[in-house]
Amino acid sequence: MSTMAKFNMSRYHVDIKTEDLTNCCRIAISGVQRAVQYYVNTRSIKDQIEDLICLLIVYRFLHNTVVVLYGYGPFRTVAGLYRQFAGNITRRMLKLPILKEKVGQQVAGTRAMIENEFINKPKGVSYSQIPNKGLSDTVLNHKLDILVDEKSANWKGGQVSGAVYFGDDKVAKLQADTYYKFCFANQLHPDAFPGVRQMEAEVVSMVLNLFNAPESGCGTTTSGGTESLLLACLGAREKAYAEKGITEPEIIAPVSIHAAVFKASQYFKIKLRLVDLTDDFTVNIAQVKRLINRNTCLIMGSAPNFPYGTIDNIQALSDLAVSHNIPLHVDCCLGSFVVAYYSRAFGEELPCFDFRCLGVTSISCDTHKYGFTPKGSSVILYRNNDYRRYQYFISTEWTGGLYGSPTLAGSRPGALTAGTWATMLSIGNDGYTKSCRAMVMAARELKRAVAEEIPALDVIGDPLVTVVAFKSEKLNVHSLNDRMTRRGWHLCALQKPAAIHLCVTRLSVTVIKELIEDLKECVNELLEADEELDSSTAQIYGVANSLTVGSIADDLISAFLDILYQDKKTAQ
Ligand SMILES: *Cc1c(COP(=O)(O)O)cnc(C)c1O
């Protein structure tokens with residue numbers, strides 16, 4: 001018989017022959033057979049099922065542990081477990097009778113503060129019930145005028161980050177007129193409103209074209225970026241289940257991905273594997289690669305992301321997506337028409353972020369941001385219908401008839417689709433190119449001024465388009481934000497790390513110099529006043545970020561949401 005292997009070390013000499021091996025195998029197999037026999041004879045069916053379930057659980061747990069350990073490394077894994085554990089313990093402790101009361105008092109205090117800020121009804125325009133006799137148009141208009149002015153932030157003056165993206169009277173008039181013409185249109189009934197069907201299809205086409213979709217490209221309009229992202233995640237989950245049998249789907253996305261993806265993860269029970277950012281505040285590609293596993297149903301990146309305005313390395317994500325055969329979604333909700341018109345405005349390309357990267361299978365684009373269309377309008381695009389069809393809802397069983405709906409909503413406001421269509425035609429390529437240029441130039445001016453003229457602040461990453469975020473080692477940026485708020489600015493507070501950003505809109509272009517001046521002054525004030533003033537954002541973020549009381553931030557946010565629907569001031 002031939003020799004299979006030979007180990008020849010100084011003291012040992014082992015010769016293994018094929019028959020030795022076969023014998024070994026035979027003994028092993030019969031051993032296993034006997035063990036199984038014994039197991040089957042002695043364990044009842046019920047016990048056996050229990051054992052099987054137990055094994056499956058152990059296997060699943062191990063799978064998760066392996067993914068986490070491999071993806072994040074031992075140090076991060078332990079730190080994460082510690083945070084989770086400590087968070088759980090404190091949450092429990094805060095429920096103890098002695099502490100519960102104290103926490104309750106503090107939450108109530110903050111609640112009262114928020115109430116005072118929000119619920120301040122102007123006289124004569126408050127109705128908690130429908131009046132018996134309808135009001136006349138004159139009376140009603142008067143009341144609406146009071147409400148529209150009511151303590152609103154100075155968005156017209158361009159002092160608000162994001163939120164309102166255009167605010168031009170001509171476009172407002174066009175949108176109002178379009179709304180009037182189509183105010184009864186419902187996209188759920190394309191047969192009754194063929195014009196709206198056509199406009200929706202054309203809006204999708206126009207946006208597909210902006211993002212360099214192939215011939216097969218398709219999509220739908222939605223009610224906003226959140227719905228577009230929800231649908232992208234839902235579709236990816238359904239596709240993974242149908243085509244790969246994935247029952248425990250996972251999404252891999254950078255920590256800077258929009259909150260709507262966290263929402264999708266929670267609504268649709270998809271595990272969200274968050275990826276750290278590198279020093280330039282874009283997704284860590286190596287970590288994405290390590291986190292990919294057999295349950296991954298979608299990889300995500302942003303162009304740009306909301307917090308920092310930085311653009312993830314979409315080409316690298318695309319390469320990973322192609323080599324692992326996993327869909328890739330690019331969130332261009334914010335970038336929308338600014339990233340799409342950038343090359344026309346500046347004569348140079350941004351790093352590839354659209355369908356020209358072959359791994360990109362879907363893109364979300366908010367027309368209601370830099371497309372300047374009416375609020376409640378976004379588009380979800382797909383490379384082809386093999387992706388889009390998984391977001392559809394279809395029911396052939398319903399007693400109400402055969403039912404199909406392409407997006408989350410049932411009835412949909414045709415007037416918004418018409419408004420979107422009309423706005424895009426009215427502004428045209430020239431208008432969008434000009435706006436893109438003006439806004440990006442304003443953001444560059446802010447970036448330059450912060451970097452060169454305000455040494456206490458550090459620009460985060462290298463923002464290429466309209467969002468500029470900054471942090472500080474020398475002062476509390478949330479206190480800085482509060483000072484800016486007192487001067488009428490509404491910047492956006494960020495956390496982990498503490499930072500603030502401005503999202504430049506058409507309205508902020510003209511006031512960027514004033515913003516920079518105010519920033520300088522506020523920074524100087526803060527540096528001079530060495531003790532901090534009472535500052536509300538700073539306080540709230542202080543609470544949310546401290547491990548010991550972090551869990552009451554949930555209570556505060558939930559109180560805030562309750563207050564939004566509160567009609568009367570609570571009796572105190
Ligand atoms: C605004 C935004 C969204 C979606 O937000 P909506 O408020 O639902 O329109 C998604 N991603 C990014 C990066 C955004 O800035």
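Visitor: How many bridges join β14 to strand β15?

Guide: Please keep in mind that this is a predicted model. Strand β15 covers residues 499-503 and runs antiparallel to β14. Within this pair, L494 stands opposite A499 in β15. The number of bridges that join β14 to β15 is three.

Visitor: Which strands stand at the edges of the sheet?

Guide: The sheet is open and has four strands, in the order β12-β13-β15-β14, with antiparallel pairing. Strands of a sheet pair through backbone hydrogen bonds. An edge strand here has a single partner strand, so one side of it is left without a neighbour in the sheet. The edge strands are β12 (458-459) and β14 (492-494).

Visitor: Which helix packs on the sheet?

Guide: The helix in question touches β13 (467-471), β14 and β15. Its direction makes about 45° with that of β15. It comprises residues 477-486 and is helix α14.

Visitor: How many nonpolar residues has the contact of α6 with α13?

Guide: The axes of helix α6 (residues 194-210) and helix α13 (residues 414-453) come within 9 Å and cross at roughly 50°, which makes α6 oblique to α13. The crossing is left-handed. Residues of α6, among them V196, M199 and V203, meet residues of α13 that include A418, W421 and L425. By class, the contact has three polar and two charged residues, while the number of nonpolar residues is nine.

Visitor: Which residue forms a salt bridge with K173?

Guide: A search of the whole structure finds 23 salt bridges. For the bridge of K173, the closest N and O atoms are 3.0 Å apart. Both partners lie in helix α5 (residues 169-182), and because they are four residues apart, about one helical turn separates them. The partner of K173 is D177.

How values were computed: Residues are numbered from 1 along each chain as its sequence is written. This is a predicted model: local features need pLDDT of at least 70, side-chain atom pairs count only at pLDDT 80 or more; totals for chains, interfaces and linings use all residues. Side-chain values use heavy atoms; hydrogens and water are left out. Axes are lines fitted to C-alpha atoms, for helices over the stretch in contact, and angles run from 0 to 180 degrees between N-to-C directions. Helices (H or I, at least four residues) and strands (E, at least two) are DSSP runs, numbered from the N terminus. Angles under 35 degrees count as roughly parallel, over 145 as roughly antiparallel, 65 to 115 as roughly perpendicular and the rest as oblique. A crossing is left-handed if the near helix is turned anticlockwise from the far one by less than a right angle, and right-handed if clockwise. Contact means heavy atoms within 4.5 Å. Ala, Val, Leu, Ile, Met, Phe, Trp, Tyr, Cys and Pro count as nonpolar, Asp, Glu, Lys and Arg as charged, and the others, Gly among them, as polar. Two strands pair if DSSP finds at least two bridges between them. A salt bridge is a side-chain nitrogen of Lys or Arg within 4 Å of a carboxyl oxygen of Asp or Glu.
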